[in-house]
Amino acid sequence: MNSTLIDKLNLVADGLAEHGFAIIDDFLSSQEVQPILELDEFKNGLLQFKKAGIGKLQDKQINEAIRGDYIQWVDRALAPPSIQAYLAKQNELISFVNQNLFLSLKDYEVHMTIYPAGSYYKRHLDQFKKDDHRKLSVICYLNENWKEEEGGQLRIYLPEKHLDVLPAAGRLVCFRSDQLEHEVLAATRPRLSLTGWILDQYAELRHL
Ligand code: OGA
Ligand code: MN
């Protein structure tokens, strides 16, 4: 592992231990982000992606009022090299936090995500009542030259205040899925990311 990755993973572990979250800039370099943006999935955008749902909720209107993003799950066996490079770093992250925070995280699941302009995700927790296997939420943003006035902040709710994080390309946000309430504010342009969860079970055992 190169030393800059170790430095970043140290920041992740320290942030999680001290505050329950960490924000790491340049987790992916712009050279690593670029080929991900060039993938057909992101280029074709909403043609290939599916509307994201909330748990088993069937009511489309309620769903729409809560979240407006479109997703495509990553199939690791078929993922192109640009995504594999990210997944390799995610594996390093799992080993690192397991060793340093004495956790027993086992696996992860990741989807590509597009929030069309104007869409949002209301305040929520990432752990569902019937599924507490999501331990860490990990989001990597892919938006080059994102400006504050374009919105799309990830709003993290802390006990006394909230923190707004711009979805800037290469930035990684990692937080405890069971503890941190958060929301995605509407943006004036499409907002792209890789969104994932680190699990305390093997991904293939899920959805059985
Ligand atoms: C989610 C989520 C935050 C973001 O997908 O559950 O909260 O900044 N995403 O995209
Ligand atoms: Mn969330």
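How far does a polar side-chain atom of Arg191 lie from an oxygen atom of ligand 1? In this predicted model, the separation is 2.7 Å. The protein also covers the ligand well: taken alone, ligand 1 exposes 290 Å², and 99% of that is buried by the protein.

Two further side chains can be followed in the same way. In Tyr141, a side-chain N or O atom is 2.6 Å from an oxygen atom of ligand 1. For His182, the corresponding distance from a side-chain N or O atom to a ligand oxygen is 2.9 Å.

The residues around ligand 1 are Tyr115, Tyr121, His124, Asp126, Ile139, Tyr141, Leu154, His182, Val184, Arg191, Thr195 and Trp197. By type, this shell divides into seven nonpolar, three polar and two charged residues. Strand E11 (191-199) is among the elements that give two or more residues to the shell, together with strand E5 (121-124), strand E6 and strand E10 (182-184). Of these, E11 gives the most, with three residues.

Attention now turns to Gln153, which sits in the loop between strand E6 (134-141) and strand E7 (154-157). Is this residue buried or exposed? Gln153 counts as buried because its relative accessibility is 9%, below the 20% cut-off. Leaving aside neighbours within four places in sequence, Gln153 is in contact with Glu148, Asp164, Val165, Leu166, Pro167, Glu183, Val184, Leu185 and Arg191. Val184 and Arg191 also belong to the residues around ligand 1. Finally, Gln153 and Tyr120 are 33 residues apart along the chain, and their C-alpha atoms are separated by 9.6 Å.

Definitions and conventions:
Residues are numbered from 1 along each chain as its sequence is written. Chains are lettered from A and ligands numbered from 1 in the order in which they are written. This is a predicted model: local features need pLDDT of at least 70, side-chain atom pairs count only at pLDDT 80 or more; totals for chains, interfaces and linings use all residues. Side-chain values use heavy atoms; hydrogens and water are left out. Helices (H or I, at least four residues) and strands (E, at least two) are DSSP runs, numbered from the N terminus. Buried means under 20% relative accessible area, exposed over 50%, partly exposed in between (1.4 Å probe, protein chains only). Contact means heavy atoms within 4.5 Å. A residue is near a molecule or strand if one of its heavy atoms lies within 4 Å of it. A polar contact is a pair of N or O atoms within 3.5 Å; within protein, one must be able to donate a hydrogen and the other to accept it, and residues adjacent in sequence count only if both atoms are side-chain atoms. Accessible areas come from the Shrake-Rupley method with a 1.4 Å probe; for residues, only the protein chains shown count as cover. Ala, Val, Leu, Ile, Met, Phe, Trp, Tyr, Cys and Pro count as nonpolar, Asp, Glu, Lys and Arg as charged, and the others, Gly among them, as polar.
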